[in-house]
Amino acid sequence: MSIQGKRGRPSRRIRLEEIAARCGVSVSTASRALSGVGGVRNELRTRIIETAKSMNYAIPASVAGRKVILAASSVAMVDSARNQFTYHVLDGLNERARLLGVELVTRPVSAPEDEIALLRESERDDSVAGCLFLTLDDDDVLTLTAGFAKPIVLVNGDDPSMRHSSVTPCNRSAAMLAAQHLMGLGHRRILFLMRRGRRTIERRYEGWRDALIAAGIAGFDDFVVEVQDWLPELANRAVAERIASRGLDFTAVLTAGDSLAFGAIAGVQEVGYSVPGDVSVVGMDDLPLAAFCNPPLTAMHIPMREIGSAALSLLLDDMAHSGSPPRRVELACNLVVRQSTAPARSGAGGHQLAS
């Protein structure tokens, strides 16, 4: 069953535009002023509020002093315990919450019924402005929460049916750019090392595939290597076993996350080859450890802190514009080149992919 409720009035967006026009400001400025969000001069805020009152506009309660519930999935909690991706997302969220005077309440959830119970509790609590779901992929939960009366934003996740707003890095284009970097160095036999399960990771796989298809490279399905967890030792074993069974039939590895890249480097070195002399390796995340591994890891930098900050801003914007449709926000990523990549050696690797 779904949570019942309706968010706001259909005319609210139009009324906000009228207030903005009368005050000579943008709609976003009017929204920030009426929602209590920072970045608006006090005298301008006062003028906008007085104009809204004169037009009988229903002014939302200030977000200052209110609570935002952060529901952290079991995947997010495991990630937080192992590496720093979730840590930096949370750091960005907490910093933004402090600036806005919002209390961020983190609640771990491990099952769909936990998440539904949390939403029902939040719906009854007037001090709760909305909810953030961190690293959530459960379609059943997304379906059940479609009628929730307060805004929900997915953090580092997305909703294929666009029932909720979401903030993610540009996973697909980031992986495509990483693969194109390797191809620019002459690599054509590029392993993609991944753990399946999350939609965000599937987008990274699609980006790798997009780059190869655009370059006219075919027959690459056999160059996907899957592991069952994000542990570096599993990546180490997978790469070492492939080389032991097939020889060095690749010249580069692109991984779906930095932790797998760390293991891939170790696996190549373990069987007597060098990085980047024999094999180039690129990660995705650009965790702080990337700069300190041997050799330092070339990686796509994911704006982790900015994901957290943008998610809270999007939640508050959805709160102010309750009639707005859900939005999917993707943040740009950039390549950080270090010493784990180099031009492909002429004649290196095993069989040639068709191109």
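Colleague: Which residue in strand 7 is the bridge partner of Phe192?

Modeller: This is a predicted model, in which local features need pLDDT of at least 70 and side-chain atom pairs count only at pLDDT 80 or more, while totals for chains, interfaces and linings use all residues. Residues are numbered from 1 along each chain as its sequence is written, and side-chain values use heavy atoms, with hydrogens and water left out. Helices (H or I, at least four residues) and strands (E, at least two) are DSSP runs, numbered from the N terminus; two strands pair if DSSP finds at least two bridges between them. Strand 6 and strand 7 (residues 224-226) pair in the parallel sense over three bridges, and in strand 7 the bridge partner of Phe192 is Val224.

Colleague: Which residue is the bridge partner of Phe192 in strand 8?

Modeller: Strand 6 (residues 190-194) also runs parallel to strand 8 (residues 252-255), joined by four bridges. In strand 8, Phe192 has as its bridge partner Leu254.

Colleague: What is the strand order of the open sheet of six strands?

Modeller: The pairing in this open sheet is parallel, and the order is 2-1-3-4-5-11. Strand 2 (103-108) and strand 11 (328-331) each have a single partner strand, so one side of each lacks a neighbour in the sheet. The order thus has at its edges strand 2 and strand 11.

Colleague: Which residue in strand 3 is the bridge partner of Leu70?

Modeller: Strand 1 (residues 67-72) and strand 3 (residues 128-134) run parallel and are joined by six bridges. The partner of Leu70 in strand 3 is Leu132.

Colleague: Which residues touch the most other members of the largest nonpolar core?

Modeller: A nonpolar core is a set of buried Ala, Val, Leu, Ile, Met, Phe, Trp, Tyr and Cys residues joined through side-chain atoms within 4.5 Å. The largest such core has 77 residues, and helix 12 (residues 304-320) gives the most to it, with eight residues. The residues touching the most other members are Leu132, Trp208 and Leu254.

Colleague: Is Ile302 buried or exposed?

Modeller: Ile302 lies in the loop between strand 10 (298-301) and helix 12. With a relative accessible area of 0%, Ile302 is buried.

Notes. Buried means under 20% relative accessible area, exposed over 50%, partly exposed in between (1.4 Å probe, protein chains only).
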